[in-house]
Amino acid sequence: MRLKHTIFFITLSLVFLLLMFDSVLARSKRVTAYTSLHEPVARAVFNQFEKESGLKVFFVRLSTGEAVSKLDAERLNPQVSIWFGGVGIGHIRAKNKGLSVANPTTATKHLEPKYKDKDHHWAGIYAAPLVFEYNTIMLKRYALPIPVSWRDLTKSEYKGHIQMANPGFSGTAYNILTTIVEIFGETSAFKYIQALNRNIPMYSRSGSAPGKRAAIGEVTIAIGYAHDAVKFISDGFPLAIQFPAEGTGYEIAAVSLIKNGPKDETENAKKLYNWAFGKSAAKVYVSQSFAVPFVNVPLAKGAIPISEVKTVEQDDEWAAKNRSRLVEKWHNVVTSSQSE
Amino acid sequence: MIKLFRNPSPMPTQKSDDWEVADLDLKNVVKTYHDRRGNLIHAVNNFSLKIGKGEFTTLVGPSGCGKTTVLRVIAGFEIPDSGEVLMGGKSINSIPAFNRNMPMVFQSYALFPHLSIYDNIAYGLKIRKVPGNIIKNDVEMMLQLVNLVGMENRYPKEISGGQQQRVALARALVIKPKIILFDEPLSNLDVKLRLQTRMEIKRLQNLLGITTLYVTHDQEEALSMSDSIVVMKKGKIEQIGSPETIYHHPKSVFVADFIGNTNFVEGTIESLLDNHINIQVKDKILKIPKQQATGDINQGDTVLLGIKPEAISILKPGERNPNNFSGTVRHTYFRGTITEFEVEFNNTLINVILPKDVDFQQSFARNERICLSVNPRAINIFKKH
Amino acid sequence: MTTLSFSNYFKNQKITLKRLLNEPLQLILVLSIIFCLGLFVLYPLYSTIKVSLMPNGHFDLIVYKTILNQQRFKIAISNSILLGIVVATLGTIIAFLFAYTLTRIQFPGKHFFKGMVILPIISPPFIFALSAVLLLGRNGLLTQQLLGIENFNIYGFKGLVIVQTLSMFPIGFLILSGILQAIDPDLETCAMNLGAKRWKTFTTVTFPLALPGLWASWLLIFVQSLTDFGNPLILGGDFPVLSVQTYLEFVGMGNLPRGAGLAVLLLVPTVSLFILQRYILRKKSFITVTGKSTRRSIVSVSQLIHVLLIFFSILISAIISIFYISIFAGSFIKLWGINWTLTFSHYIYAFDVGLQTIKDTVLLATIATPITVIFGMVIAFLVVRKSFPGKNLMAIAAVLMFSIPGTAVGFGYMISFNQEPLLLTGTMYILLACYVFRYVPIGIESGMAALSQVSKDIGESSTNLGASSAITFRSITLPLITPSFISAATFTFVKCMTGLSAVIFLVSASWKHMTTLILAQTENMLLGQAYAMSVVLTLIILISFAVFKNFMTLGQTSVFGGISHD
């Protein structure tokens, strides 16, 4: 009896010590990161980086809005040294709030000026346009026409069939909101949103969730980024994409270094930052998320370069500055029309 | 009934040689505490007591009289404010409770619920690092002594209250204590078990001759078990004496009232004579031997007469007795060997206990008037304050 | 005084002083506990209230005015209350019927049914929401695949009522089965002897006696529903509730004052209900626990109702099992509703992405558990056995945390400990502190139970049998409090492993929690991965049960480890 207990006890303590060691001590060759990429994409990207650099990446996936709030809340004691991915507007907000740090590097030399910050606080890794994604089977089942314009989405026949994320959390959704404002002008835009809201049963927290739901038929039509949809299509889901006739907005998925991040990680974080704009990272973006990177690498089948898309005049600086106001207004419009 | 000797083989007839008992001497012990309102309460007030080797001493008194506090001071759980506790002539004030070798038997038994009966009894020996074979021997001896052979593997929850208390007793005795303490050990038992266990304790105490201090509020226990009784009141000793003394010659109304269900009847000293005192009770004069009076009594004083129930008898028809008076039967309680009556006399109810008399039919109707006689030598006279 | 009594006096003073040497220790202990409670219970509360009342550095009611004027907050408030009332009522009814069936009717397999009811209490709080998607979603097994219902919307009020009722009625069941067991069946028999019909007996005796329990159950479920975070986050849809809005206000809008205001709004009803329950309902209890009557009354309902009740219990248990089985099945299925091939890939993924998270979660729970329980037991000991000024305040502060919604706790911690000298955000310490002070009431409860086990007499009888206090502690006190300790530790561990609402504010890249990961995966429609992670979490909890059980026997066999003869 005694022996059994001793063995039990020793095993337990060993396991515990191992846990301790792993969680607390082994923290030198590492980078901690927030990422707003899809979790599986982030996993692939960081695995590739780990393989090449020998460093270990600890990451948490947060939506763009969440990431900014979290970084803001941790301002005095930042927990991560890099924010990887996420809609550029969020990165501009982070810069404006003084959360990121300038990192002049030759790694971003090849980028067009509109895809990087002039003060070197952030730079884009790929661009992705917003599209309508619809489930072909569901669309047929409910005998719905393909929506071809933003206008179409407010038609009453789509009631309960459309989904997008909540702009409060999701950078994607905020990108949708500002695109609508840019197309219709602010006053008409919120009238439009009121109408659109009648067709939307719920808003998700994550910007990519609606697309995935459309892919599996949980919802019929989603608004999201093209590359996500392209990936689902290539995976064999009954999904198709449609660019809106009025033109569409786009994201610049970006990377920022965080101000006052964990000290022993600064150099490692810079390594990851510089690596993010290179070819091997771009290959992972292509293979995992079907995105179109700013580096010249072979594209995935069906991927659509941003240059081939009719885009709206997009002012991300303006979008970042007006976020609180617009999101607040959106909340009010959406919730008060719900009570009707 | 418990068989006293179920297995008569290796019974200790007396305690072994290495087992020393001690006497106990309390000198001017004071223990005070503050109650909830912050008032200073003297739980024990200038308390002095000597207990000889092998003596069985009982502390009795109503609840709150300080008897348990005295016990706890002796055991070392309470530190006296002043005064000294001496064991075998040496002060033990600064000896911590666990080094005093004075086990206590609690009202709640306080058996260790997670230990078997065997381990409960062996506990004190294991702490003393007694070799295993001796522990086994001693525990088995104890199991025999308290008639619990065969129960050693059970747990306290699985045995009856009486058996639990015998385990507690065995557990205390096995460490060969110099003094053993009992804190109302029988209060949680029902009447029959209480009588059996009382006999058991007394038998073992007689057998082993350990110095014993026993606390109870039950006068019968005190009377039947003790060598000497200490009656306590409000932290002080009211009277010390043998059971017989306490019973027959209580020093105060308090003691008389506490011991023996005494009836009290008011009277006036009519005259003091050489050998006896004449006391007027209502329209009768009772002649009572002078030694029955306590304290200083003068003619004309109002006194209380303490009359034990059994000192009163019913006058048979034709019988004459000068100390007689009449009363009205209010209740009769037939109890087999005795019959108890409540007789109203002078607006008070008096308890009368009569042994069963085979020759005489003692049955009275309610409210029947009867004539009672009292034995003057069984009356105690107390001055009324 | 004579010389002798003088010297006696001083001698005694010296002894008293010796014993008093223990007192400063106690003083330090009490002071440090009060300090900790003040810092980790009252201060975060104070900060939250302060931020909501002073959004711009000076007193301003603007936050509350906005909250009470804006449609979306008004809707969230009324939604929360509506949901709470419906779930509490349904939950209490189910709990009562279930408890009545299990305590009053004899039928085989009772243990199984009890186990089924306990399961929701020990699993992650949002597990029903996860499986509801599998079962009742658009591609749900029940709705679409079996019943062919199209466009059934699980997201929103309906879905929340279903999952909250299922996951919360067990709390009511525990309360009510305790109370129904305590009602002396003789009372029921007696009522029938007095001529009452069965139904009459039920309405005039059983029901009124159970009424305080029904109230307690209702209130507890109401508070649970009000403070629930995971289910509405997953299934909320277009049905905003207060707890989620608090989080959203912080995370989505970065609006701390308004988040604080919402947290305060959430806190007001829960704390007042807590006080109501503690001080009013307790006095109204009619139950006299005799503890002797183990006979079951089997007379109070008719045979037909028996059968119906048993059927009902089987139905509820079956529903619960289906929810759990679907999670388990879902974790092995490639893509529920679309591609039914079996796969381990979700587990491979879960361990690849989540291994660090699993380690963090287990490590933190393992560290927090003993601290929490010991801390709670020490408080219980001080409160029950000692007297000192501020004792009642300490007791109240210590149990207060149980009534504060996790969302408010997390929020309060986040804003209270994010600057020097109390810079704890992002570290493991903030999570540990949150665990310890949130769950310390469990330790206190167990401490009370343990103290009733170790009566003063038992300790003293060990002492005067010759055991020093160290030996008494090791050989008597420790083994006796071990069972309470272990059960409290088990419960605390489960809570630490499954808590979400507070933790979601406090996790960071360095210290993560499985529940937040599961939630994030659910949000991102990585459902299979989320199910796999949930199964892993449930398995860890079940393993921990086995480990704790082993500890229990460890405590028992080593009773004489220190003083045994060899």
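Predicted model: local features only at pLDDT ≥ 70, side-chain atom pairs only at ≥ 80, totals over all residues.
**Notes on the contact between chains C and B, and a few residues worth a look**

1. On the chain B side, 36 residues take part in the contact, while chain C puts in 28 residues.

2. Now for the charged pairing. The rule finds one salt bridge across the interface of chain C and chain B. The partners are Glu460(C) and Arg72(B), with their closest N and O atoms 2.5 Å apart. That distance counts because the rule asks for a Lys or Arg side-chain nitrogen within 4 Å of a carboxyl oxygen of Asp or Glu. Polar contacts also turn up across this interface: nine residue pairs, both members at pLDDT 80 or more.

3. Which parts of chain C give two or more residues to the side that touches chain B? They are helix 1 (3–20), helix 19 (456–464) and helix 20 (469–498) of chain C. Helix 19 gives the most, with eight residues. Sorted by kind, the residues on this side of chain C come out as 11 nonpolar, 12 polar and five charged.

4. Take Cys434(C): the nearest cysteine sulfur belongs to Cys496(C) and sits 8.7 Å away, and Cys434(C) is in no disulfide. A disulfide here needs two cysteine sulfur atoms within 2.5 Å. Cys434(C) counts as buried because its relative accessibility is 2%. Over in chain B, Cys371(B) has 29% relative accessibility, so Cys371(B) counts as partly exposed.

5. Stepping back to chain B as a whole, you'll find eight helices and 20 strands. Of its 385 residues, 52% count as buried. If you look at contacts in chain B between residues at least 6 apart in sequence, 68% of them join residues at least 24 apart.

6. Two chain B residues have backbone angles to check by eye. Ala110(B) is not a glycine, yet its phi is positive, at about 50 degrees. You'll find Ala110(B) in the loop between strand 6 (104–105) and helix 2 (117–127) of chain B. Is Ala110(B) buried or exposed? Ala110(B) is buried, because its relative accessible area is 2%, and the cut-off for buried is under 20%.

7. The other one is Lys176(B), again a residue other than glycine with a positive phi, this time near 50 degrees. Lys176(B) belongs to the loop that runs between helix 4 (161–173) and strand 7 (179–183) of chain B. With 25% relative accessibility, Lys176(B) counts as partly exposed.

8. Last stop, back in chain C: Gly412(C), which is part of helix 17 (residues 406–416). Its relative accessible area is 0%, so Gly412(C) is buried. What does Gly412(C) touch, leaving aside residues up to four places away in sequence? The answer is Pro44(C) and Thr48(C). Gly412(C) and Phe505(C) are 93 residues apart along the chain, and their C-alpha atoms are separated by 9.3 Å.

Terms used
Residues numbered from 1 in each chain as written. Chains lettered and ligands numbered in written order. Heavy atoms only, no water. Contact = heavy atoms within 4.5 Å. Polar contact = N/O pair within 3.5 Å; in protein donor to acceptor, adjacent residues only side chain to side chain. Helix = DSSP H or I, 4+ residues; strand = E, 2+ residues; numbered from the N terminus. Nonpolar A, V, L, I, M, F, W, Y, C, P; charged D, E, K, R; others polar. Buried < 20%, exposed > 50% of the residue type's maximum accessible area, 1.4 Å probe, protein only.
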